[in-house]
Amino acid sequence: MQQVEDLTIRAQLRQRQNKQKEAIALFEKALELRIGLHGPDSNSVRRACDELCDVLNGEALKHLQRDEHDQALELLRKAEILSGPNDLVTAVTYNNLACYYRRKGKLRTALSFLEKALRIEKRAEVVVNPAGTRLNLCAVMSQLGRHQEALEHSQAAVVLLQEELVQHQMARGEGEGEDGVTPEMVNKLAVLAICYHNMGVEEEYLGRAAESLEAYRKGVEVADAYLASDNSIARTLHKSLAAAQAHQKK
């Protein structure tokens, strides 16, 4: 058991040193020993699998951002094997696999993974990022030309984010005002602004100009209230609103 703990501590140290490849190898070795000690179905092994899955997903995302697709897929496949079919970490893995397949142009495969992720999240009592899957579904549906469904997913994401923001504010206490907005809340508000932008885009595709303008306006209001004026999301929203207004005047 001491060897397992030593390996885990060394792996966590490598993580802090940003030596992720070494960290993953150490976590894998510790997991192998843990399975031998406690059996594959023990709580100890389950927690270790979840921790390793988090590391694998995080590193896979970095590879995706660098367009290193093969390396990303290898890590995500490992994470998929380690996680249970109904684990929330599996939903994270499925979202990242969907990102991989979307980048490869395999939209229907991406959609399949996102639908599986959504089924897992619907059964869970608590989800860390409930709007994320909906936003990814919106993007894939839009690319597939299924704009009404894309719109519905972006609307669902807005509702989920609004619920999160209310709960977060209630947990912190009322009466703090804008000065009490935490970095976590700002991140969620940025995503909310993106959701409104996506709603505007899908309403445009559906030929509903007034609804599109209203969605863009709501996104701009959120961005102006909580994001810096030079923020890329804020700039995009202002450009989209201006373009929609100009188009409507024609």
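**Cysteines and a helix pair**

Colleague: What makes C99 partly exposed?
Modeller: In this predicted model, the relative accessibility of C99 is 25%. Buried would require under 20% and exposed over 50%, so C99 counts as partly exposed.

Colleague: Is C53 buried or exposed, and why?
Modeller: C53 has 0% relative accessibility. That value falls under the 20% cut-off, and C53 therefore counts as buried.

Colleague: How many disulfides does a search of the whole structure find?
Modeller: The search finds zero. A disulfide needs two cysteine sulfur atoms within 2.5 Å. For C53, the closest cysteine sulfur belongs to C49 and lies 6.4 Å away, which is too far for a bond. C99 is likewise in no disulfide, its nearest cysteine sulfur, in C138, being 13 Å away.

Colleague: Why are α9 and α11 called roughly parallel?
Modeller: The axes of helix α9, residues 183-205, and helix α11, residues 232-249, cross at roughly 25° and come within 10 Å. Angles under 35 degrees count as roughly parallel, and the pair is therefore described in that way. The crossing of α9 and α11 is left-handed.

Colleague: Which residues make the contact?
Modeller: From α9 they are A190, A193, I194 and H197, and from α11 they are I233, T236, L237 and S240.

Colleague: What is the make-up of the contact of α9 with α11 by class?
Modeller: Five of the residues are nonpolar and three are polar, with no charged residues.

Key. Residues numbered from 1 in each chain as written. Predicted model: local features only at pLDDT ≥ 70, side-chain atom pairs only at ≥ 80, totals over all residues. Heavy atoms only, no water. Buried < 20%, exposed > 50% of the residue type's maximum accessible area, 1.4 Å probe, protein only. Axes fitted to C-alpha atoms, helices over the stretch in contact; angles between N-to-C directions. Helix = DSSP H or I, 4+ residues; strand = E, 2+ residues; numbered from the N terminus. Parallel < 35°, antiparallel > 145°, perpendicular 65-115°, else oblique. Left-handed = near helix turned anticlockwise from the far one by under 90°. Contact = heavy atoms within 4.5 Å. Nonpolar A, V, L, I, M, F, W, Y, C, P; charged D, E, K, R; others polar.
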